[in-house]
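Please look over the sequence and the model shown here before reading on. The notes that follow are grouped by topic.

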There are 4 protein chains.
Amino acid sequence: MAGSRFAYVRKFELPDSLLPGTFMVFRLDGHSFHRFSDIHNFAKPNDLRALQLMDHAARDLMEEYPDIILGFGESDEFSFLLRKSTDLYNRRQAKIVSTLTSLFTSSYVFHWSSYFLDTPLQYPPSFDGRIVLYPGEQQIRDYFAWRQADTHINNLYNTAFWALVQQGGETTTQAHHTLRGTVSKEKHEILFSRFQINYNQVDEQYRKGSVLVRQEIPEPPTAQVTIPKELDDNIPPVPEPSQTGGKKTKPKRDVKQKTKIVVLHCDIIKDEFWEARPDLLHD
Amino acid sequence: MAGSRFAYVRKFELPDSLLPGTFMVFRLDGHSFHRFSDIHNFAKPNDLRALQLMDHAARDLMEEYPDIILGFGESDEFSFLLRKSTDLYNRRQAKIVSTLTSLFTSSYVFHWSSYFLDTPLQYPPSFDGRIVLYPGEQQIRDYFAWRQADTHINNLYNTAFWALVQQGGETTTQAHHTLRGTVSKEKHEILFSRFQINYNQVDEQYRKGSVLVRQEIPEPPTAQVTIPKELDDNIPPVPEPSQTGGKKTKPKRDVKQKTKIVVLHCDIIKDEFWEARPDLLHD
Amino acid sequence: MAGSRFAYVRKFELPDSLLPGTFMVFRLDGHSFHRFSDIHNFAKPNDLRALQLMDHAARDLMEEYPDIILGFGESDEFSFLLRKSTDLYNRRQAKIVSTLTSLFTSSYVFHWSSYFLDTPLQYPPSFDGRIVLYPGEQQIRDYFAWRQADTHINNLYNTAFWALVQQGGETTTQAHHTLRGTVSKEKHEILFSRFQINYNQVDEQYRKGSVLVRQEIPEPPTAQVTIPKELDDNIPPVPEPSQTGGKKTKPKRDVKQKTKIVVLHCDIIKDEFWEARPDLLHD
Amino acid sequence: MAGSRFAYVRKFELPDSLLPGTFMVFRLDGHSFHRFSDIHNFAKPNDLRALQLMDHAARDLMEEYPDIILGFGESDEFSFLLRKSTDLYNRRQAKIVSTLTSLFTSSYVFHWSSYFLDTPLQYPPSFDGRIVLYPGEQQIRDYFAWRQADTHINNLYNTAFWALVQQGGETTTQAHHTLRGTVSKEKHEILFSRFQINYNQVDEQYRKGSVLVRQEIPEPPTAQVTIPKELDDNIPPVPEPSQTGGKKTKPKRDVKQKTKIVVLHCDIIKDEFWEARPDLLHD
């Protein structure tokens, strides 16, 4: 073959499989989204369209990759949990991190105009991704707790900051100064006493972030039809979705027929969420 | 801080810096593009719109990342050379591979409608990416030679195959059969004797792929103004673009002002291309 | 400093920390020990001196590194379990694997003459080492079960093989041929019917390998002295062994005062061993 | 097979091959050698026996592994250069680093009593090892220059320090204080004016460290026999030493017959050493 004397260059591609039997967390962050949100006039402190677009892209990703069993998003970031036993792309790191980042990005751009009706996309946005491995269940609980605690901290700050600016007439510099060193309780008080905002009544979507899980769809009641034996013999057997012998690297799609992905805005720090979904941590 | 008891989970994020002083080749491939090209009715054997869209995304990537000094694309794949001395994102592997894949994908979707005027994008396409390190110059030459040799092999096959189908009336199965075991010369003969196609006159774009390099833009002739010494002293010094102390992870953009990216369809296997551009292999 | 212009070469040394929160198994194998055992006339099928020397080196290693909580050896190999939470040498892979291999080797050569009284060491033997990470407890159980099952298989084969050669007068080629394809039960029968060897009565040391664990040493009975309350108040508090702030990379030695390492030849496949030692799997 | 249900644990062993086409530097350091040298009464500032023992172990390593083409040692450390094209153990990192560290350690203990005639080894010493990859020739030159510059700095300091203590009657604390902040020239002056030591006449072994290279052994002059043409045809061809088909992981030993390893104490910072040995940097 013409190219064969060059093919030795393939030997420089080293294997990068991730340790089996560990949870993978795939984490995405918007790249230079401060500038991106300014140029596209994102509402402050939260832009509902932008958050819903993120959720949409996350849902697309989870529909394509059944091994992603949980998603959590806030602002311009999203974290996804892949089941401990996943063998997606033979657990090759670069393949997983690049493909998932690519599809999320693609979906974000693809659906942009459905959410930003009057705001055309000015230039192609990008995200960075990484994978972190966790051997234990408690670490997974703590990872997602960490992100949701962060959501709370950021959103409380941003809510107070933009109230000071938008309603209180402060400059951004002044608002930063007003909030410097304040604890959580003091930010609540500023919001309530100066702007009549009860933070605990702020939309949960902003305070808790978005939690994406699969939910089983109840089977539609099918009419019981008795097929006479002689007819039955002529019905060709329904082919099983061919999975045996298939490449393990191919995402399986049959799960989609039985579950759907729902977006919640609930607490994931306490036990209740996890106890109701034991499959998240136990394959 | 509320989230601090969870923050230990960050310790599981391990460093993944790539060996300094080595060339990086970043390689992108379309994910399931066989299906994607079918659904979007790509012309066979080559769809000019699709190739130009790939080139556009590649150019966007190179404009954003000056450390990419060469690109080579064919079909649904692209390879990019990063200079040996690059310190992009501190050479962190996941950060580089995910960000570059993301921006390429984003640009591909963003510009889709400029190339596929009458073919709306049906669903978000995705790409996978990887980085391969090469310590030596010859290996870089051979890597790109390998890709261009592959382009030649694939395109000759595809050109013959689709001639047999589209002009020769063969089924795809028959066409595969006709070509099985033929060497290069025989494919040339089939094309010429049966379809009057001189393969060597097929557009170079298809036979050679796309080669993207930076080219210096000649400075516009500026009027020579002599500034008297006394005035000169009052002119405040032009501030240097602030790079000192800056995050090394930030792509520098000043290069864009002096060079532009051009798309060539030339040979990159022989010496000429490389000898004319010594900077590609020597920082 | 004279050397400072060269010091940039340190930047090529990349971090290699192992994932936190996972068990490490450190595994050693003799390098070319077939030749080594021939030259030093090891007894067949098992050389008691050689096994005891291996055990000695393993014990030295465990005494130096309290984070090693279990050892298992057979023939010329040894496996060691490091606790999941170990922070030995900041979990740097090359540092751990090289230092542990080095000390084991050093101890083996150092103590050689205590076991091989009449057989001088002819040349320096060597071992290779590696570390495998396991996220879960069951995997650790199965790893050690795998090694002990292997011990059984190898020892049964070797016992039968050398009985055929030493007592049965077969050549090694004949003995291999005699045993080819035999299952476990048939080897038992050959041993019993031809050589009156009841394999189940072969020394457990050979059938089970060596299991090294730490055992608490009962405190020597100290004379009970009643300290009057008023005096007690003046006694300065006993300082805790200073561990805080210390370099985590330093092996802690204080454990040695309270435990000793014992060599057992017991079953580690069934539950009993592990249930009696819950600390092995739970930090 | 009895052990087969446990054998899945092997899947956790991940590949760790090092990038092809790059130089490997294998670096060894004594572990806790401050304590080790105290207990064994090493002479200060340099113990000739200890250095010669290090050189011996290094030579043993180079004789066993022909792919090591250069060694440099000082004090309790040694660096070895493996040729860029080496395929030793398929370039598996843990295998290489552990085996080389093991053999060096083993040789050190094995030969101890040949150098320390009246000083029995008190306990098994150990070393740690690591591998650093370098893509370029200049980096290799600079790595070894860095180590030799370091040798110079350390030895000048130590020579002055121990002269102050041993001949000047200072305590070690005083000697540290005397030297604090002194530059190279001042240390030379202290040595010369107070102790009549011309540092440049100190044994090169201490000032330059040990440089181990392979040197070709001249073929012994064989009697020239003229073989008549007709006889010559009947002589069967001399078989080449069989290397084809052999495991690449096996160190080749035939080189030993043609070269020997010599210990030099020469400059390796300037060009001369390298220009005389072009094979070190060019495979």
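Predicted model: local features only at pLDDT ≥ 70, side-chain atom pairs only at ≥ 80, totals over all residues.

Residues are numbered from 1 along each chain as its sequence is written, chains are lettered from A and ligands numbered from 1 in the order in which they are written, and side-chain values use heavy atoms, with hydrogens and water left out.

- Helix α2 of chain A covers residues 48–64, and its 17 residues should span 24 Å at 1.5 Å a residue, which agrees with end C-alpha atoms that are 24 Å apart.
- An unreviewed UniProt entry places the feature "domain: tRNAHis guanylyltransferase catalytic" at residues 7–135 of chain A, and such annotations may be inferred rather than shown by experiment.
- Over residues 7–135, chain A is 36% helix and 24% strand, where helices (H or I, at least four residues) and strands (E, at least two) are DSSP runs numbered from the N terminus.

**Helix α6 of chain C**

- In α6(C), the residues C:Lys187, C:Ile190, C:Leu191 and C:Phe195 are buried.
- Seen down the axis of α6(C), these buried residues fall within an arc of 95°, taken from the directions from the helix axis to the C-beta atoms, so they line one face of the helix.
- On the other side of α6(C), C:Lys185, C:Phe192 and C:Ser193 are exposed, that is, over 50% relative accessible area.
- Just after α6(C), C:Gln196 takes a positive phi of about 55°.

Methods: Expected span 1.5 Å × (residues − 1). Buried < 20%, exposed > 50% of the residue type's maximum accessible area, 1.4 Å probe, protein only.
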